[in-house]
Structures are given as C-alpha cells and as structure tokens.
Amino acid sequence: MKGRFISGIVAGSLIGATAGMYAITRMSPRQRRKAMKVGRRIVTSVVSNIGLF
C-alpha cells in the first residue's frame with residue numbers, strides 16, 4: 001500500500017511539473033515573473049510544513 005502511494009505521488013508530481021512547464025512557456029514575461037514568485041512561495045511553505053528545513 002505504501003509503495004503504491006509513493007509511486008502515485010511521484011507520478012502526480014511529474015505530471016504536474018510537465019503541465020507547469022508547458023503553462024510557463026505559453027506565458028508572457030511579466031506573467032512568468034509573477035508565477036515564479038508565487039510558485040517559490042508555495043514551495044517554501046510546503047517544504048516548511050513537511051519539516052525538511
């Protein structure tokens with residue numbers, strides 16, 4: 001059960017990263033800067049909630 005859960009998380013994150021990269025390539029430079037700022041804030045909050053740092 002745990003192995004399936006982890007493989008699902010990995011597959012979901014790969015799909016999400018691919019969709020995110022596609023969306024970023026379709027944005028204007030101003031939108032891209034704003035998205036990167038928001039994305040960085042989300043990643044730092046997720047990492048702090050997990051307890052890695």
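User: Which residues make the nonpolar surface patch of about 500 Å²?
Analyst: That one is made by Phe-5, Ile-6, Ile-9, Val-10 and Leu-14, with an area of about 500 Å². Keep in mind that we're looking at a predicted model.

User: Ok, take Ile-6. Where does Ile-6 lie?
Analyst: Ile-6 sits in helix α1, which covers residues 2-25.

User: And is Ile-6 exposed or partly exposed?
Analyst: Partly exposed: the relative accessible area of Ile-6 is 46%, and exposed would need over 50%.

User: How does the radius of gyration look against a compact globule?
Analyst: The chain has 14 Å, whereas a compact globule of 53 residues would be near 10 Å. As for overall dimensions, the C-alpha trace spans about 45 × 25 × 10 Å along its principal axes.

User: Switching to charge. Which residues gather in the positive patch?
Analyst: Arg-30, Arg-33, Lys-37, Arg-40 and Arg-41 gather there on the surface.

User: Let's zoom in on Arg-41. Why does Arg-41 count as exposed?
Analyst: Because its relative accessibility is 54%, and the cut-off for exposed is over 50%. Arg-41 belongs to helix α2.

User: What about Ser-45, where's its place?
Analyst: Also in helix α2. Ser-45 counts as partly exposed, at 34% relative accessibility.

User: How far is Ser-45 from Val-10 in sequence and in space?
Analyst: They're 35 residues apart in sequence, and 19 Å separates them C-alpha to C-alpha. Val-10 is one of the residues making the nonpolar patch.

User: Now Ala-23. Which helix is Ala-23 found in?
Analyst: Helix α1. Ala-23 has a relative accessible area of 33%, so it's partly exposed.

User: And how far apart are Ala-23 and Arg-33?
Analyst: In space, 13 Å from C-alpha to C-alpha; in sequence, 10 residues. Arg-33 is one of the residues in the positive patch.

Definitions and conventions: Residues numbered from 1 in each chain as written. Predicted model: local features only at pLDDT ≥ 70, side-chain atom pairs only at ≥ 80, totals over all residues. Heavy atoms only, no water. Rg over C-alpha atoms; globule rule 2.2 N^0.38 Å. Patch = residues over 30% accessible without salt bridge, like charges linked within 9 Å, V, L, I, M, F, W, Y side chains within 5 Å. Areas by Shrake-Rupley, 256 points an atom, 1.4 Å probe, with all protein chains shown as cover. Salt bridge = Lys/Arg side-chain N within 4 Å of Asp/Glu carboxyl O. Helix = DSSP H or I, 4+ residues; strand = E, 2+ residues; numbered from the N terminus. Buried < 20%, exposed > 50% of the residue type's maximum accessible area, 1.4 Å probe, protein only. Lys, Arg positive; Asp, Glu negative; His and termini not counted. Charge placed at Lys NZ, Arg CZ, Asp CG, Glu CD.
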